[in-house]
Amino acid sequence: MNAKQSEQLMKLQKIGEIQVKVAPHHSLNHSQGVISESEFQRDLEDDILECLKDQKVIAVRRINIKRNNQNFPTKHVILPFNTPVLPKSVKIAYMNCPVRHFIPNPLRCFKCQRFGHTITACRSKQICARCSLPDHDSNNCSSTTPKCYNCNGDHPAFFRSCRRYKEEKEILTVKITKNISFPEA
């Protein structure tokens with residue numbers, strides 16, 4: 001669909017005798033990219049956004065790392081764009097910065113340990129992230145043998161090399177790079 005067709009569709013109020021309301025899709029009409037440039041590591045997010053507003057950037061969020069309970073800014077900046085197609089680069093001051101897709105980590109519920117939702121949306125019972133047994137959390141676990149709830153492997157549910165974690169990450173990668181919905185991915 002081209003821009004003119006999209007514009008006409010947004011104005012649609014009726015199909016035959018049926019009233020309709022047309023709204024843009026909340027996620028498929030946007031894209032998120034990452035730039036990595038140490039030149040802007042000390043710059044404020046608001047200052048970077050000011051330079052990028054005319055390039056369809058709607059926000060700027062710096063990725064921080066946590067060491068010894070302190071947050072440290074990195075050179076990586078997440079840029080949400082008001083367009084479904086991610087630009088190849090953005091221009092900040094005198095620099096042309098390449099943009100790559102932002103692939104978030106899969107969501108894992110800290111209550112039931114399953115992927116795809118957070119604890120606030122969970123309707124399941126408490127499962128330990130260390131031993132996969134019910135009715136206690138990993139802070140109170142006395143088990144010496146870890147077991148993953150998602151793949152039955154001999155590691156805790158938060159292990160980043162878990163087969164199921166890697167599958168979830170791959171699904172997110174396909175979803176984002178091909179700009180399709182989660183079920184399609």
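**Domains.** I began with the distance between domain centres: taken over C-alpha atoms, the centres of domain 1 and domain 2 are separated by 30 Å. Domain 1 covers 31-101 and domain 2 covers 105-178 of the protein chain; such bounds come from an automatic or database domain assignment.

**Basis.** I note that the model is predicted, that local features need pLDDT of at least 70 and side-chain atom pairs pLDDT 80 or more, and that totals for chains, interfaces and linings use all residues. Residues are numbered from 1 along each chain as its sequence is written, and side-chain values use heavy atoms, with hydrogens and water left out.

**Strands.** I looked up the pairings of strand E5 (residues 70-81). Strands here are DSSP runs of E of at least two residues, helices are runs of H or I of at least four, and both are numbered from the N terminus; two strands pair if DSSP finds at least two bridges between them. Strand E3 (residues 31-36) pairs with E5 in the antiparallel sense over six bridges, and Gly-33 stands opposite Leu-79 in E5. Strand E4 (residues 61-67) and E5 also pair in the antiparallel sense over six bridges, with Arg-62 opposite Val-77 in E5. The hairpin of E4 and E5 has two residues between the strands, and Asn-68 there takes a positive phi near 50°.

**Lys-175.** I placed Lys-175 in helix H3 (residues 163-178). Lys-175 counts as partly exposed because its relative accessibility is 23%, where buried means under 20%, exposed over 50% and partly exposed in between (1.4 Å probe, protein chains only). Leaving aside residues up to four places away in sequence, Lys-175 touches Ile-180, Ser-181, Phe-182 and Ala-185, contact being heavy atoms within 4.5 Å. Ile-103 is 72 residues from Lys-175 in sequence and 9.3 Å away in space, C-alpha to C-alpha.

I then turned to the second largest pocket, which holds about 370 Å³ of space. A pocket is an open set of points on a 1 Å grid over the protein atoms alone, where a 1.4 Å probe fits, with protein on both sides within 12 Å along at least five of seven lines; lining residues have an atom within 4 Å of a point. Grid points are joined across faces, edges and corners, and the volume is the space filled by probe spheres set on the points. Of its 13 lining residues, Ser-6, Pro-24, Asn-29, Asn-82 and Pro-84 are the closest to the centre of the second largest pocket.
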